[in-house]
Amino acid sequence: MVTRKKPDPGRLEIEEETPTFQVVALGLQGSGKTLLLASMYHRLKSTAGQSYFLKAPPDDVLQLNQWYSQMADTATEAGWPPGTAKGETRNFTFTVKSQVAVGVRPRPMLHLKYLEYAGELLTEPQAPGSTVQAELYDDIRQADAMIGIIDGNHVRQHLDGAPQGQVRLEQTLNALVPIMIEAECPISFVITKWDLLADLHPDEKVRLELVQDLLTSNDHFRSLVKIHSTARAVRLIPVSAVGPGFATVDSTGRIVKIPEGKIHPTRVDVPLSAVVPDLFDQVERRLGEDARAAFYAEARKRSQLAPMEAVASLVIFAGQTAGKAMLAAFGPSMAVLTGNAVLSMFLDSTSDERTEWQGRLGQNLSQAEQNHQQFCDARRRVLEDMRRKVAVLEDQLPHSRLS
């Protein structure tokens, strides 16, 4: 929703709600959920490599930093951080922030609500009176993206012909696929511990192709890809929370740290970066021909309007058939709760930065309008950076796109 406030005569302020996008992550015990989460936050907690960073509540930051420090520690016998217990759920809300102008405090662009569930919730009986499984299904219905976490060590064991690898991989797919096949949102399968597969083949493209062939040899996994491939993104994202040369498998089959190893996380930022671009691409695909044409026309129009003109145009568009069709195309997404704000973000994400009236900044525009335009431009840069990360993944590893 877009609101306008008049704190004093002659001064207009423009505020937009901050959309929230819900991500549901599922993985069995030991699959690497905790390490992925800690490493992902560490990679994205500053603007290094992108125009945005993640902010979390202080208690969550403390927990995530503790996990990462313990994971990276090879000087002591710290071991690995404790994983999730069966039935345990975790809930983190990350705020994506970006600086809109020099000397101005970073502003929120969007929220990512990250819900992490143990996959055993889907395969084992729950205690009488437990509501956790029902809550999981409710969260999945509202999800804007789903992440299925597959243990790369089990993949490696399976490829090496070890029976336990085949059994554990089957258990994982049996837990993830039935719930994901009913999902209405984009899906990413994240292969953790990718560093343990490094010696399968010197070419990473070939390594991922081997993993894709293994997964699609499973009838249920192959059916999921077939059902979802025409309507939404289905990704295969190889990640390593620690990077190459940090961990190895000892003679007992345990994953242990290499003394004096240095941590270099690999692609841990991609699963979250894909959430909004994949959702927006899916919504665009769902639009009918007339609604799509109206969408592009409104996006072009917005690129030529001053901020207040764009706000007024959005209000009109949201009440028209095409605007309502766009919101309907989001389905039960949590993002639609912010209505016009998510429409504004979606429309601006399809156009280049505005040039038609840039020369009017500081002349015919009020300070509030200049501030709002700087915010919109910053938000557009954030979405461009997210799309860029996904594009780099697909360019480097074509088999990462299953759909």
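**Basis.** I am working with a predicted model, in which local features need pLDDT of at least 70 and side-chain atom pairs count only at pLDDT 80 or more, whereas totals for chains, interfaces and linings use all residues. Residues are numbered from 1 along each chain as its sequence is written, and side-chain values use heavy atoms, with hydrogens and water left out.

**Overall fold.** I find 14 helices and eleven strands in the protein chain, taken as DSSP runs numbered from the N terminus (helices H or I, at least four residues; strands E, at least two). I note a radius of gyration of 22 Å, close to the 22 Å that the globule rule gives for 403 residues, so the protein chain is as compact as a globular protein of that length; the radius is taken over C-alpha atoms, and the rule is 2.2 Å times the number of residues to the power 0.38. Of the 403 residues, 51% count as buried (under 20% relative accessible area, with exposed over 50% and partly exposed in between, using a 1.4 Å probe and protein chains only).

**Aromatic pairs.** I looked up the ring pairs and find eleven in the structure; rings of Phe, Tyr and Trp (its six-membered ring) pair if their centres lie within 6.5 Å, and planes under 30 degrees apart count as stacked, over 60 as edge-to-face and the rest as tilted.

Trp 67 and Phe 92 form an edge-to-face pair, because their ring centres are 6.4 Å apart and their planes stand at 65 degrees. Trp 67 belongs to helix α2 (residues 58-72) and Phe 92 to strand β5 (residues 89-98), so the pair ties together parts that are 25 residues apart in sequence. I record Trp 67 as buried at 7% relative accessibility, and Phe 92 as buried at 5%.

Trp 80 and Phe 246 are also edge-to-face, at 6.3 Å centre to centre and 65 degrees between the planes. This pair links distant parts of the chain, 166 residues apart, with Trp 80 in the loop between α2 and β5 and Phe 246 in the loop between β9 (234-238) and β10 (247-249). Trp 80 counts as partly exposed at 27% relative accessibility, while Phe 246 is buried at 0%.

Over the face of Trp 80 I find Lys 257, at 5.2 Å from the ring centre (the criterion is NZ of Lys or CZ of Arg within 6 Å of the centre and within 35 degrees of the ring normal).

**Cluster.** Ring pairs join Phe 21, Phe 280, Phe 295, Tyr 296, Phe 330 and Phe 346 into a cluster.
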